[in-house]
Amino acid sequence: MKKAVQFKLNGKPVELNVDVTRKLLWVLRADLGLTGTKYGCGEALCGSCTVLVNGTAMRSCALNVEGVEGAEITTIEGLGDSGELHPLQKAFAEIGGLQCGFCTPGMIMNAAGILRETPQPTREQIVRRMEGNICRCGTQVRILEAIETAAQETGGEKR
Amino acid sequence: MKHNDYLHLAFTDIESPPPVDRREFFKRIAGGIVIFIVLGDLLSPQDPERRRGFRQQGSSDFNAFLRIGGDGVITCFTGKIEMGQGIVTSLPQMLADELDAPVDSIHMIMGDTDLCPWDMGTFGSMSTRFFGPALRQAGAEARIVLMDLAAKKLGVPEDQLQAKDGVIFDKNNPNSKVTYGELAQGKKIQRIVDRKAVLKSAAQFTEIGTPRISTDAIEKVTGRAKYAGDFRPPGMVYARILRPPAHGASLVSADTSAAAKMEGVQVVRDGDLVAVLHATPDGAGVALRKITAQWDVPEVAVNDRTIHDHLVSIAPAPSNLGSAGDLEAGKKNSSKSFESRYTTAYIAHAPMENHTAVAVVDNGKATVWASTQTPFSSRDAVADALGFSPGNVRVIAPYLGGGFGGKAQGGQEVEAARLAQLAGVPVQVEWTRAEEFFYDSFRPAAVVTLNSSTNDTGKITSWDYAVYFAGSRGARHFYDIADHRTVAHGGGFGAGNAHPFNTGAWRAPAGSTNTFARESQMDIMAAAAGIDPFEYRMTHLKDQRMRTVLQAAADKFGWQPAKAPSGRGVGIACGVDAGAYIALIAQVTVNKDNGKVQVERVVCAQDSGLVINPRGLIMQLEGCVTMGLGYTLSEQIRFEGGAVRDANFDTYKLPRFSWVPKIEAVLVDTGIEEAHGGGEPAIIGMGGAVANAIHDAVGVRLYDLPMTPQRVLAALA
């Protein structure tokens, strides 16, 4: 059933008239044309669709639009700071935390969620909280290094 | 190059169809200096195997070309695609060195069947091995043209000129110089690389051998990189297609009336193709669920428990892969014999990006963006399905979200094109994860029977190896054994009715199965003889290259000799794939209560010959080790006849962050000047190294992959 719903998306207000039981992933990709967030499995098993909702990493394939009414959503497109790469993006690129790149937006957004909650995570904390994100190319070793590097760079400040 | 190194299926009788000829291409690209690369002619005439794979038709055929534009941009047009293996970065590096141009001035246009000449596809670890050298020669040829032009323009003899970073200057007067762009302006020069130009030697490399951040990294970390499903032509709708419950099932009837009643839904039917179209993918999904269908599902008796016996029972006659000596005599001279049967399961490619295509069919022409490793085969398949000539179909393969051999087969591009033609609007088909599992061309389940014997000093006296349906790649051993025979029953894929569904090439096809069997058997014999597994292998190795690679792995690992099981949990596996030599040493801990195996550390040594981008290659080694954990410990497709039981990652378990060991990659240089396989070889060692490490840890031998917790517990019981 269609309803009006409002939320903030990458800093800008959005107002939609949609069936609010639809999943956020499809609204982002198909309705709003933001294709950086990816479909990998549709069942919250792979993490490719991860976005931040009020700073918390969530799987947009499992999130009803209804559930983000009034929230602040950040997608990969909105992570950098007006043209500047976020430290996570910079670290992933420099360290090589990606190969095919398809899981990368989800990885980075999930990592951003970790750093917002725990600015100085231990390796164990990072592994545990990244466990839900799959990389088939096998770049996990570098992804972990990139997250640790970005954490050091942000030096504990919330980004 | 040995037969063993090739992707067997793809190399027989590949004919280059008559493409648009060189003059036509030249007209399309607005002049400049253009160098055409004809791959077949550049291969050594002594290499009939290679040339057979690149058979050409007619002198106007070519495989790639370079263009130096008046703006100084150097564009390389190639039908190869980028799927994370890194050639979008390493090919420019190769070109930059020969051309003396900055890497940043090189732009790759890849996988576009309109802009790029015919290419057989991106698979088989061939891009760097075969295409790379041809590209270097094109670069060298271009440099010759530029030097010639510069000499005329600057009015000095060529030997007084120096090329560097896209500029040619007079050595005696460096202010007298000209850029490549300036030289190309207003020119229409074309050259064919038809002879072997003199390439730079290793001492002259500035780019080749230098680590470099991938050129696609920024696009990918910002979400700007476009994959097939990210293209959105105006008016595009999303399709969902009615799928059978099992392979081989036929559609009896489908009632689409409820779906058709949904707002915004268009039902399309054409024979067995039944689809719903909607402005949103999830809307199409809702509509699909409203279709009720009756299927005729054939009885297929085989399942994941019975498949191995089944494969052996239907095996065709063996083909001999290599033999020497006298097996019977060897067996007589032995004091111990070992009869083993090893099995491996069907393995999915499971790329993170599902097969996807977006098709626009308009005015007798089709444009299709598709996640395909073989854009030209896709083009032909689409043309065939639409009744168009191939010249009216353009397939563009953008970045792929993983391939691993699985996107050399597909069909989603044909589905999208057919639906676009029928519906008269652009259509996107993105397989769901369940469809991705269902339609995958799995790495085939396989059996290896290995009977070997040793004398009372442990020396191997006979080796009788038979591989069923994995494929021959990696089946031949490289150890010093006088009496031996290696045979293969059935091929690695396309094996007729052997399998209840499609099988195909999966990263280093056959290599993992064959290496698991061989290296397990080596350890079994070493343990029986009470000999350290490293020493055991060295005693049986005359191949100096393998000795060097194995030694490099052992040195990096800090190998301490001990007979197995030593309780340390360490295991070795050696192998050869795509011309590269590998040696892996794994260290594991085994939880005896729940059967879980934790791989703590892997040293991975690889000799790939010439290394273009060391950082890129190390990433491939790390990727192979990590991806290899899956087929080793957890991945297997469950099925009943043609019904695939795994539909998502809850039951089909891929390696997770907590599984990843400390990985130490060692690039071994044995002085080989050509590039060999980079992205595939290392994965073949994981099964064997971990199986041997498990035995070393807890004294049990597993003969079946994956070595799941249940199987480990069963072995411990």
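Buried means under 20% relative accessible area, exposed over 50%, and partly exposed in between, with a 1.4 Å probe and protein chains only. Keep that in mind for this tour.

This is a predicted model, in which local features need pLDDT of at least 70, side-chain atom pairs count only at pLDDT 80 or more, and totals for chains, interfaces and linings use all residues. Residues are numbered from 1 along each chain as its sequence is written, chains are lettered from A and ligands numbered from 1 in the order in which they are written, and side-chain values use heavy atoms, with hydrogens and water left out.

**Stop 1**

Most residues other than glycine have a negative phi, and most peptide bonds are trans. Now look for exceptions.

Select Phe404(B). Its phi is positive, about 60°, although it is not a glycine. Find Phe404(B) in the loop between β18 (393–396) and α14 (412–423) of chain B. Helices (H or I, at least four residues) and strands (E, at least two) are DSSP runs, numbered from the N terminus. Is Phe404(B) buried or exposed? Phe404(B) has a relative accessible area of 11%, so it is buried.

Next, select Ala350(B). Here phi is near 50°, again positive in a residue other than glycine. Ala350(B) sits in the loop between β15 (336–344) and β16 (356–362) of chain B. Its relative accessibility is 3%, so Ala350(B) counts as buried.

Move on to the Ala564(B) to Pro565(B) bond. This peptide bond is cis, with omega near -5°. Pro565(B) belongs to the loop between α18 (544–557) and β23 (570–577) of chain B.

Then go to Leu705(B) and Pro706(B). A cis peptide bond joins them, and omega is about 0°. Pro706(B) lies in the loop between α20 (686–698) and α21 (709–716) of chain B.

**Stop 2: a sheet in chain B**

Strands of a sheet pair through backbone hydrogen bonds, either parallel or antiparallel. Two strands pair if DSSP finds at least two bridges between them.

Show the open sheet of five strands in chain B, ordered β4-β3-β2-β1-β8 with mixed pairing. Which strands are at the edges? They are β4 (106–110) and β8 (188–193) of chain B, each pairing on one side only.

Zoom in on β1 (residues 32–37) of chain B. It pairs with β8(B) in the parallel sense over six bridges. Pick out Ile33(B), which stands opposite Ile189(B) in β8(B).

Contact means heavy atoms within 4.5 Å. Axes are lines fitted to C-alpha atoms, for helices over the stretch in contact, and angles run from 0 to 180 degrees between N-to-C directions. Helix α6 (residues 127–154) of chain B lies across β1, β2, β3 and β8 of chain B, at about 145° to β1(B).

**Stop 3: helices in chain A**

Switch to α1 (residues 24–31) of chain A. Seven of its eight residues are buried. Among them are Leu24(A), Trp26(A) and Arg29(A). After α1(A) comes Gly33(A), with a positive phi near 70°.

Finish with α2 (residues 87–95) and α3 (residues 104–117) of chain A. Their axes come within 10 Å and cross at roughly 130°. Residues making the contact include Leu88(A) and Phe92(A) of α2(A) and Met107(A) and Leu115(A) of α3(A).
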